[in-house]
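Please keep the sequence and the structure in view while reading.

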Amino acid sequence: MPQPDVILTYARSRIASDGDFQRLVREALYRDVAVRAEKQDEQPLPVEERTPTPLKMLAPEVYDENRTLDAVISFCAARPGARNARPSTETDRVVTNRHVGAVLTTNYDNLVEASFGSKYLKGLLQPIGRSSTKRRTGEIPVFHCHGYVSIVHPSDDASSLLIAEEDYYVASYDTDSFGNTVMADVLRRMPCLFIGSAMTDRNLRRHLFLSDTADLDHCAHSPEHFAILPAGGPPDGLTDAVLGRYRVSVIRIETYSEIPELLRELYVAADDTTEDDWEWTQEPFAERDRARRADRADQDAQQASD
């Protein structure tokens, strides 16, 4: 059986345009992803018929059934006025966590951004897959180093994809490519927490090495990074020692179910952020709104009866 990258390279060579290839990738990525129906009692549209709508279109079970994804988007959120919150206005119901400078991902999908929008009814995670994208104030950039394809149609917001073997060959020699420049910049400027990465990617390790040896703003070293990895894989001590050379400290876990608790502990450890601030991020806004409407209806009924 051929390797996936060989199959993709062959498929890419047989498809006439990048647009057609991205459409097929998009259908494969989101075919089984649940979205909300446009109207009550309607069935959600198939992926090829979805039109641009607010990011709240994503069905809540997408993050409800993935506790790590839910913890990541909760970590990016903050209650207006909390110590870890970015500046807010009186009308803001949710803002971003000012301790999160960026999200760096090699995933092609934008489920992290869409899950945040679905949970908090406001899209504050901005997908960025090319250098020409203009950053939006107050939002956390989600840099898709290998490109991305949006869950909604049309796909003109999609960037070129690094998906086939030949794409990686080209990118490795292009030091000014979007993925290379973004990865180098983030690793040199920000302490990073790696979640869900095996840390075996050679390109990632190359950037970790370069970021530690580069003289950025006359500093001797880049920030220290952290990686959450499962215990019991390849010899843990050897892997930890190799990553330690690149200033990556490894946090070993027995199961992935431990990740949400680790993120909660980190969230409340900064700036005297409280447990209440973390708990505030846990309940989806749609549920809060339904509860408010139900309470208001009860109050109106009570007043009418009086």
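## Burial in helix α5

A residue counts as buried when its relative accessible area is under 20%. The model is a predicted one. In it, helix α5, which spans residues 111–120, is mostly covered, with nine of its ten residues buried.

The buried residues of α5 are Leu 111, Glu 113, Ala 114, Ser 115, Phe 116, Gly 117, Ser 118, Lys 119 and Tyr 120. After α5 comes Leu 121, which has a positive phi near 55°.

## Helix α4 against helix α5

Two packed helices are described by the angle between their axes and by the distance between those axes. Helix α4 (residues 67–76) packs with α5 at an angle of about 70°, and their axes are 10 Å apart. Angles of 65 to 115 degrees count as roughly perpendicular, and α4 and α5 are therefore roughly perpendicular to each other.

On the α4 side, the contact is made by Leu 69, Asp 70, Ile 73, Ser 74 and Cys 76. On the α5 side, Val 112, Ser 115, Phe 116, Lys 119 and Tyr 120 take part. The residues of this contact between α4 and α5 comprise six nonpolar, two polar and two charged.

## Helix α7 against helix α8

Helix α7 covers residues 178–189 and helix α8 covers residues 202–213. They pack at an angle of about 50°, with axes 9 Å apart. That angle makes α7 oblique to α8. The crossing of α7 and α8 is right-handed.

From α7, the residues Asn 180, Met 183, Ala 184, Leu 187 and Arg 188 meet Asn 203, Leu 204, Arg 206, His 207, Leu 208, Leu 210 and Ser 211 from α8. Six residues of the contact of α7 with α8 are nonpolar, four are polar and two are charged.

## Aromatic pairs

Rings of Phe, Tyr and Trp pair if their centres lie within 6.5 Å, and by this rule the count comes to six aromatic pairs. One of them joins Phe 143 and Phe 178, with 6.4 Å from centre to centre and 55° between the planes, a tilted pair. This pair links distant parts of the chain: Phe 143 lies in strand β5 (residues 140–144) and Phe 178 in helix α7, 35 residues apart. Both Phe 143 and Phe 178 are buried.

Ring pairs also link Phe 116, Tyr 120, Trp 280 and Phe 285 into a cluster. Phe 116 and Tyr 120 are among the buried residues of α5, and Phe 116 and Tyr 120 also take part in the contact with α4.

Conventions: Residues are numbered from 1 along each chain as its sequence is written. This is a predicted model: local features need pLDDT of at least 70, side-chain atom pairs count only at pLDDT 80 or more; totals for chains, interfaces and linings use all residues. Side-chain values use heavy atoms; hydrogens and water are left out. Axes are lines fitted to C-alpha atoms, for helices over the stretch in contact, and angles run from 0 to 180 degrees between N-to-C directions. Helices (H or I, at least four residues) and strands (E, at least two) are DSSP runs, numbered from the N terminus. Angles under 35 degrees count as roughly parallel, over 145 as roughly antiparallel, 65 to 115 as roughly perpendicular and the rest as oblique. A crossing is left-handed if the near helix is turned anticlockwise from the far one by less than a right angle, and right-handed if clockwise. Contact means heavy atoms within 4.5 Å. Ala, Val, Leu, Ile, Met, Phe, Trp, Tyr, Cys and Pro count as nonpolar, Asp, Glu, Lys and Arg as charged, and the others, Gly among them, as polar. Rings of Phe, Tyr and Trp (its six-membered ring) pair if their centres lie within 6.5 Å; planes under 30 degrees apart count as stacked, over 60 as edge-to-face and the rest as tilted. Buried means under 20% relative accessible area, exposed over 50%, partly exposed in between (1.4 Å probe, protein chains only).
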